Amino acid sequence: MPTKYKLILSVIVLAVAAGAFRLQQSAGFTDTPWVIAGLGVFMVFAIWLFPETRKQK
């Protein structure tokens, strides 16, 4: 995946995770927002760390 698309996807994932974090926090939950934040960061880390699979000829 090109770097430009990884960057756009990373920003979208972090924005959604931040929104979910804020929503859960305003609902009064104490542990769930931190799980969501950790999952969002892990997903962005995984996008950049693990390569795409490719067909071998």
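Predicted model: local features only at pLDDT ≥ 70, side-chain atom pairs only at ≥ 80, totals over all residues.
Helix 1 covers residues 3-26, and helix 2 covers residues 32-49. The buried residues of helix 2 pack against helix 1, and helix 2 is in turn part of what covers the buried residues of helix 1.

**Helix 1**

- Helix 1 consists of 24 residues, and its first and last C-alpha atoms are 34 Å apart, close to the 34 Å expected at 1.5 Å a residue.
- The buried residues in helix 1 are Lys6, Ser10, Val13, Ala17, Phe21 and Gln24.
- The cover over these buried residues of helix 1 includes helix 2.
- Just after helix 1, Gly28 adopts a positive phi of about 100°.

**Helix 2**

- Helix 2 has 18 residues and spans 25 Å from its first C-alpha to its last, close to the 26 Å expected at 1.5 Å a residue.
- Pro33, Gly40, Val44, Ala46 and Ile47 are the buried residues of helix 2.
- Viewed down the axis of helix 2, these buried residues fall within an arc of 160°, so they line one face of the helix.
- An α-helix has 3.6 residues a turn, so residues three or four places apart point the same way.
- The exposed residues Trp34, Val35, Val41 and Phe45 are carried on the face of helix 2 that is turned away from its buried side.
- The partner against which the buried residues of helix 2 pack is helix 1.

**Contacts and distances between the helices**

- Leu14 belongs to helix 1 and is partly exposed, with a relative accessible area of 42%.
- Apart from its neighbours within four places in sequence, Leu14 is in contact with Gly40 and Val44, both of which are among the buried residues of helix 2.
- Leu14 and Gly40 are separated by 26 residues in sequence, while their C-alpha atoms are 6.0 Å apart in space.
- Ala37 is located in helix 2; with 24% relative accessibility, Ala37 counts as partly exposed.
- Between Ala37 and Gly19, which are 18 residues apart in sequence, the C-alpha to C-alpha distance is 9.7 Å.
- Ala15 is a residue of helix 1 and counts as partly exposed, at 48% relative accessibility.
- Ala15 and Leu49 are 34 residues apart along the chain, and 20 Å separates their C-alpha atoms.

**Nonpolar surface patch**

- Met1, Tyr5, Ile8, Leu9, Ile12 and Val16 make up a nonpolar patch on the surface, and together they have about 570 Å² of accessible area.
- Ile12, one of the residues of this patch, lies in helix 1.
- The relative accessible area of Ile12 is 46%, which places Ile12 in the partly exposed class because that class lies between the 20% and 50% cut-offs.

Key
Residues numbered from 1 in each chain as written. Heavy atoms only, no water. Patch = residues over 30% accessible without salt bridge, like charges linked within 9 Å, V, L, I, M, F, W, Y side chains within 5 Å. Areas by Shrake-Rupley, 256 points an atom, 1.4 Å probe, with all protein chains shown as cover. Salt bridge = Lys/Arg side-chain N within 4 Å of Asp/Glu carboxyl O. Helix = DSSP H or I, 4+ residues; strand = E, 2+ residues; numbered from the N terminus. Buried < 20%, exposed > 50% of the residue type's maximum accessible area, 1.4 Å probe, protein only. Expected span 1.5 Å × (residues − 1). Arc of directions from axis to C-beta. Contact = heavy atoms within 4.5 Å.
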